[in-house]
Amino acid sequence: MADSDLQLVARNIRSYPDFPSPGVLFRDITPLLKNPDAFRACIGLLVNHLKKTNGGKIDYIAGLDSRGFLFGPSLAQELGVGFVLIRKRGKLPGATIFASYELEYGKAELEIQRDALEPGQKVVIVDDLLATGGTMYTACDLLNQLRAEVMECVTIVELTSLKGREKLGAVPFFSLLQYE
């Protein structure tokens, strides 16, 4: 069943050459979101992985702005845990903490509400894709500032040639699909 579910997920990732710029092969999750069977299979595969690797030791799923918000609440619901937001800076009310990271052409910042997590709470971070790892690394940094424990980072797609996994260091990482 897991192999057929993974194949269903893979068949619903679309590739666009030269988008958003020449030489880039864009991996589009839109068909996955459009197909309820594929989306259900995707969530099921991630839930099964997280139950196997983390058992009942997860307190929260943290979703990265913005595509992590598409997968995170469903994962949290299936696991019976809460969901917290990690957003682009300036998008959350109340007291927040933020961290900066480098982009190819500039800088970006992520933030989380200061009271989103308590020290020692166990969190899994989810996003749609891991490329260079800058966003995911910065999310880990934010959670570490709150003294939460990052149990694992998970994505649907990993672009292995960009070596984003290496940027995460000792933090466990899992992706359903890997592309060069």
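Helix α5 gives the most to the lining of the largest pocket, with six residues. Helices (H or I, at least four residues) and strands (E, at least two) are DSSP runs here, numbered from the N terminus. The model is a predicted one, so local features need pLDDT of at least 70 and side-chain atom pairs count only at pLDDT 80 or more, while totals for chains, interfaces and linings use all residues. Residues are numbered from 1 along each chain as its sequence is written, and side-chain values use heavy atoms, with hydrogens and water left out.

Back to that pocket. A pocket is an open set of points on a 1 Å grid over the protein atoms alone, where a 1.4 Å probe fits, with protein on both sides within 12 Å along at least five of seven lines; lining residues have an atom within 4 Å of a point. The volume comes to about 1300 Å³, taken as the space filled by probe spheres set on the points, which are joined across faces, edges and corners. Of the 40 lining residues, L103, L129, A131, T132 and T135 are the closest to the centre. At least two lining residues each come from β2 (25-28), β5, β6 (106-113), β7 and α5 (134-145).

Next comes the sheet. Seven strands form an open sheet in the order β5-β6-β4-β3-β7-β8-β9, with mixed pairing; two strands pair if DSSP finds at least two bridges between them. Since β5 (96-103) and β9 (173-179) stand at the edges with a single partner strand each, one side of each is left without a neighbour in the sheet. Further in, β7 (residues 122-130) and β8 (residues 149-159) run parallel to each other and share eight bridges, with D127 opposite T155 in β8.

Helix α3 (residues 36-54) lies across β3 (60-64), β7, β8 and β9, at about 145° to β8. Such angles run from 0 to 180 degrees between N-to-C directions, with axes fitted to C-alpha atoms, for helices over the stretch in contact. H49 sits in α3 and is buried, at 11% relative accessible area. Buried means under 20%, exposed over 50%, and partly exposed in between (1.4 Å probe, protein chains only). Beyond its neighbours within four places in sequence, H49 is in contact (heavy atoms within 4.5 Å) with E152, V154 and F174.

Most residues other than glycine have a negative phi, and most peptide bonds are trans. Yet F19 and P20 are joined by a cis bond, with omega about 5°, and R147 has a positive phi near 65°.
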